[in-house]
Amino acid sequence: MFDIDKWQEIFATIKKNKMRTFLTGFSVAWGIFMLMILLGSGNGLSNGVASNFMNDAVNAMWIWTGETTIPHQGLKTGRPVQFHNDDYDLIKSLSGVETASGRYYMGNTRYSYGKESGEYTTVTCHPELNTVENMELLEGRFINSVDIVETRKVVVIGKDIKEALFKDIPALGEYVNINKVPFKVVGVCIEPGSTRNRNAYMPVSTAQKIFSGGNRLHNFAVTINGQTLEESQQIEERIRSTFARKLRFDEKDESALGMYNKLENYIQTMRIFQAIKIFIWIIGIGTLIAGIVGVSNIMLIVVKERTKEIGIRKAIGASPASVIGLILLESILITTIAGYIGLVLGTGLMEGINYMMVQSAGEAAQQGETVFLNPTVDFNVAVAATLLLIVAGAIAGYIPAKRAASIKPIVALRDE
Amino acid sequence: MIKLNNIHKSYEMGSSKLHVLKGIDLEIEQGEFVSIMGSSGSGKSTLLNILGMLDNYDEGSYHLAGKLIANMSEKKAARLRNEMVGFVFQSFNLISFKNAMENVALPLYYQGVSRKKRNVMAMEYLDKLGLKPWAEHMPNEMSGGQKQRVAIARALISKPKIILADEPTGALDTTTSYEVMEILKEINEIGITVIIVTHEHDIAAMTQKIVRLKDGRIHEVIRNGELSEFRYKYSKELQPA
C-alpha cells in the first residue's frame with residue numbers, strides 16, 4: 001500500500017533531523033562505496049594480470065638446455081646438453097604436447113637493405129612458434145610448413161627492423177640481405193606485451209642449411225593440452241624424463257634442462273587472485289556490516305528520542321504494526337537512498353578511471369605490460385550488493401522498530 | 001458505561017512490589033462529569049490509565065460499554081482506544097513537527113480516513129474551539145491554552161464516548177484553566193462522559209462527581225447534591241490562608 005501520509009511523516013522526521021540522517025546515510029554510502037572500489041580494483045588487477053598472460057598462449061611451455069651439474073651414468077658434470085632435430089620430432093610425438101617449435105638463435109646477424117643496415121637477432125623456428133607466442137602480424141604471413149620443407153629463403157621481420165631498414169617503403173616481397181644472403185620478406189610482426197620488436201624469424205631448416213647450424217636447436221616452445229595444474233605438471237615430468245633418458249642426464253638436474261611452464265604459473269597466479277578476491281569480499285562485507293550496524297545503532301537512538309511521540313500515537317490509536325512500519329520504512333528509505341548514492345559514486349569512480357586509462361593508453365594499450373585493466377564491477381554484483389543492503393537495512397531497522405512498538409504509552413507519556 | 005470491580009494493580013520496582021490500587025469499585029454512567037482527586041501516589045493516574053486501556057490491571061474486572069476489557073491484544077486495544085476514548089494530557093502531548101490541523105487529524109489517520117476528509121474535519125473541530133486561524137501553526141508557536149484546545153480537538157475528532165483528562169489544567173494559569181474547564185463542560189453537555197484527574201479543588205468543584213482516592217482505595221465519593229457542600233467546605237479550607 002502506497003500511503004502518502006506515512007511517507008510524509010517519514011520525510012518530516014528526516015527533515016527535522018538532517019544531521020542524524022546524513023550520518024546514518026553516510027555510513028551506509030561509505031560502506032557500499034568502499035565495496036565497489038575494492039571489488040573494482042580487484043577485478044582490475046586480475047584482469048590486467050590475466051591479459052598479460054594472454055600475450056602468449058596460456059598453455060605455453062618453454063624448454064631449454066644447459067650444462068649438467070649432477071654426475072650421471074659415469075659422465076662428469078659440466079657437460080653441455082644440446083637439442084637436435086630428432087629431439088624436435090620426439091617432443092612433437094609426446095602425448096600432451098599440442099604443438100611444438102624448435103628454435104635456433106643467431107645473435108647479431110647483419111641485415112641490410114639498400115644503404116641501410118643493422119644487427120638484429122634471428123630466431124629460426126617452426127611455423128608452430130606463432131601458436132605459442134601469439135605474434136601479431138602487421139603485414140603478410142608467418143613462416144609456414146612449405147617454407148620448412150622447401151627450405152625457402154624467407155624471413156618475417158619485426159616492426160623495428162622494418163622501420164630501420166625500409167623506412168616508408170613497403171617491405172613485403174623485398175629482398176633483405178642477411179649475412180650477405182638475400183631473403184625474401186614475407187611478413188612484418190610485433191610481439192604483444194613487448195616494446196621491442198627487433199627479432200626476425202626464418203625457417204629453421206633454411207637456417208641450418210645456409211648458416212651451417214647443422215642439426216642443432218637451442219630450445220623448444222610448445223603448447224600443452226593440460227587443463228589442471230596436476231595435468232600440466234605430469235606433462236612436464238614426462239618431457240623431462242624422456243629427454244633425461246635420451247640425452248643422458250639426471251632427471252633432477254635443473255640446469256641441464258630448463259623448463260618454464262606458463263600454465264602452471266597462470267593457474268598459481270589465478271589462485272592468488274582468487275584468494276585476493278575472497279579477501280576483498282571479506283573486507284567489503286565487513287565495511288558493509290559496519291554501515292549496517294551504524295544504521296541499527298542510530299535507529300535505536302531514534303526510537304529512544306521518539307519514545308514520547310510513539311506513546312502519543314499509540315494513545316490515540318496507532319497499532320503496533322503501524323509503529324513498526326513507520327520506523328522500518330524510515331530505515332529502509334535511508335539505507336536504500338544512501339546505498340544507491342554510494343553505488344553510483346563507487347561505480348562512477350571506477351568507470352572514470354577505466355575511461356581515463358583507455359583514453360591515455362590508446363594504441364599503447366595493446367602493447368606493454370598493464371597491471372590494471374577494466375577495473376569495473378559486474379552489474380549483477382552491484383545490484384546484489386544494493387539489494388543486500390536494503391534487506392540489511394530492513395533488519396537493522398526491525399529490531400529498533402520492534403522495540404518502539406512494544407513501548408507502553410504510559411511509560412512513554414510519563415517521561416515528563 | 002464504566003464498571004470497575006475490585007481492581008488491583010501493582011508495579012514491580014526491582015525486587016519490591018508497589019501495590020498502587022487495592023481494590024477499586026466504581027461505576028460511572030454515560031454522560032457523567034467526574035473528577036478523580038487524591039494526593040500524589042494515591043493511584044489516580046494509574047486508575048486513569050487503566051480506564052483508558054493504556055495499562056493492564058492485575059485483578060478484578062473492568063467493563064467498558066458492556067465489554068470486558070482484559071488481556072486484549074495490543075492491536076485490539078489500540079483500535080478500542082481510537083474509537084472509544086479521547087485523551088487530554090497535562091503536557092498537551094502534541095506532535096511537535098506537525099501543525100495544529102495535522103495533530104487534530106491524526107486519530108482519523110489511524111481510522112483510515114482519507115487525507116482530504118480528515119483535514120476538513122480537523123478544521124471543523126478547530127473552528128469549534130476558536131482556533132481556525134491557528135490551523136497552520138506549529139505547537140511551539142502557540143500558547144498553553146491554545147495547545148490544550150488543540151489537544152481537546154484531537155480527543156474529540158474520533159467522536160469518543162469518554163474523554164479522559166490527566167491534569168488538563170495542570171500547566172495552565174487560572175483564567176485559561178477555567179476556559180478549558182468551560183470547554184470540557186460543553187463537551188459533557190453533548191453527552192460525552194468526561195473524567196478528569198486533578199488535585200485542584202476549584203477544578204474538581206466544577207464537575208458533577210468527585211472520587212477521592214487515598215492509598216489505592218476510594219476514600220469518598222461526593223455526588224451532585226453534595227457538591228455545594230464540598231464547595232462550601234473547600235472555600236472554608238481556603239479562608240484561613
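Q: How many salt bridges does the structure hold over all chains?
A: It holds 14. This is a predicted model, where local features need pLDDT of at least 70, side-chain atom pairs count only at pLDDT 80 or more, and totals for chains, interfaces and linings use all residues. Residues are numbered from 1 along each chain as its sequence is written, chains are lettered from A and ligands numbered from 1 in the order written, and side-chain values use heavy atoms, without hydrogens or water.

Q: Why is the pair Arg306(A) and Glu330(A) called a salt bridge?
A: The rule asks for a side-chain nitrogen of Lys or Arg within 4 Å of a carboxyl oxygen of Asp or Glu. Here N to O is 3.0 Å, so the pair qualifies.

Q: Which parts of the chain does this pair link?
A: Distant ones, 24 residues apart. Arg306(A) sits in the loop between α9 (262–305) and α10 (307–315) of chain A, and Glu330(A) in helix α11 (residues 320–361). Helices here are DSSP runs (H or I, at least four residues) and strands are too (E, at least two), numbered from the N terminus.

Q: What makes Lys314(A) and Glu74(B) a salt bridge?
A: Their side chains meet at 3.3 Å, N to O, therefore under the same rule they count. The count between chain B and chain A is 1.

Q: Which elements of chain B supply at least two residues each to the side that touches chain A?
A: They are α2 (74–84), β6 (85–89), α3 (100–109) and α4 (115–128). The largest share, 5 residues, comes from α2(B).

Q: How many residues are in contact across the two chains?
A: 26 of chain B with 27 of chain A, contact being heavy atoms within 4.5 Å.

Q: How much area do chain B and chain A bury between them?
A: About 2400 Å², 57% of it on carbon and sulfur atoms. Buried area is the accessible area (1.4 Å probe) lost on being put together, summed over both parts. Phe97(B), Tyr109(B) and Tyr110(B) supply 27% of what chain B buries, more than any other three residues.

Terms used:
Buried area is the accessible area (1.4 Å probe) that two parts lose on being put together, summed over both.
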